[in-house]
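Student: I would like a close look at one part of this model: its charged side-chain pairs. Please walk me through them.

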Amino acid sequence: LAAIERQLQHLDEKYKARTADALHDLLIRIGDLTLPELEARSVVANTPGAVRDLERARRIVPLPVAGERRFVAVEDVALYRDALGAPLPPGLPEALLEPVRDPAADLAMRYARSHAPFAAAEFAARYGLGPAVAETILRRLADAGRLIEGEFRPGGIEREWVDPDVLRSLRRRSISTTARRWRNPNCCGSRPVV
């Protein structure tokens with residue numbers, strides 16, 4: 001679970017942004033990030049400078065999200081306005097300001113695609129939503145077959161939510177690790193069978 005989460009969040013060295021363009025793409029892929037969160041996902045020599053350049057070029061914009069200054073790809077400004085009521089800076093192209101059909105669902109699905117199984121409270125905290133609001137959004141997506149609900153973490157004590165593709169990745173990784181351990185008992189930190 002931890003390895004998949006690091007990959008989905010682009011915290012694994014192999015998945016970190018290597019250019020300013022990749023930082024922009026990262027915001028499109030996983031959504032809003034603070035400057036420290038961007039720096040944690042970047043190997044760009046001067047990440048703050050690259051972020052400033054992207055901001056000056058109007059490819060990204062800072063928005064207030066859950067009481068923090070977070071950067072958002074300019075393509076997503078209407079999503080954050082419509083889902084969270086985030087005020088937008090003036091001067092954005094009209095084409096980017098069209099209303100989003102189901103912004104809360106879009107935000108939740110992006111969150112799910114970039115996280116291992118998560119609790120509704122984690123999603124709620126990330127976006128400053130009330131727990132009941134977050135639960136309602138996630139339940140609606142599960143009822144539509146877009147998310148899967150269950151207890152996925154070992155020793156789990158609460159309901160969690162996961163994107164079906166993320167769950168498939170977790171299962172493949174689990175099966176692969178189990179197969180390696182079966183073929184080689186000294187593999188993967190397991191103890192040899194006596």
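Student: How many salt bridges does a search of the whole structure find?

Tutor: The model is predicted. A search of the whole structure finds 17 salt bridges. Two places deserve a close look.

Start with D32 and R126. Their side chains meet in a salt bridge, at 3.1 Å from N to O. This pair links distant parts of the chain. D32 lies in the loop between α2 (20–30) and α3 (35–40). R126 sits in helix α7, residues 120–127, and the two are 94 residues apart. Both D32 and R126 are buried. The pair also belongs to a network of salt bridges that links D32, E37, E68, R70 and R126.

Now turn to E135. E135 forms a salt bridge with R139, with the closest N and O atoms 3.5 Å apart. Both residues are in helix α8 (residues 131–143). They are 4 residues apart there, so about one helical turn separates them. E135 also forms a salt bridge with R159, and here the closest N and O atoms are 2.2 Å apart.

E135 is partly exposed, at 21% relative accessible area. R139 is partly exposed at 31%. R159 is partly exposed at 36%.

Methods. Residues numbered from 1 in each chain as written. Predicted model: local features only at pLDDT ≥ 70, side-chain atom pairs only at ≥ 80, totals over all residues. Heavy atoms only, no water. Salt bridge = Lys/Arg side-chain N within 4 Å of Asp/Glu carboxyl O. Buried < 20%, exposed > 50% of the residue type's maximum accessible area, 1.4 Å probe, protein only.
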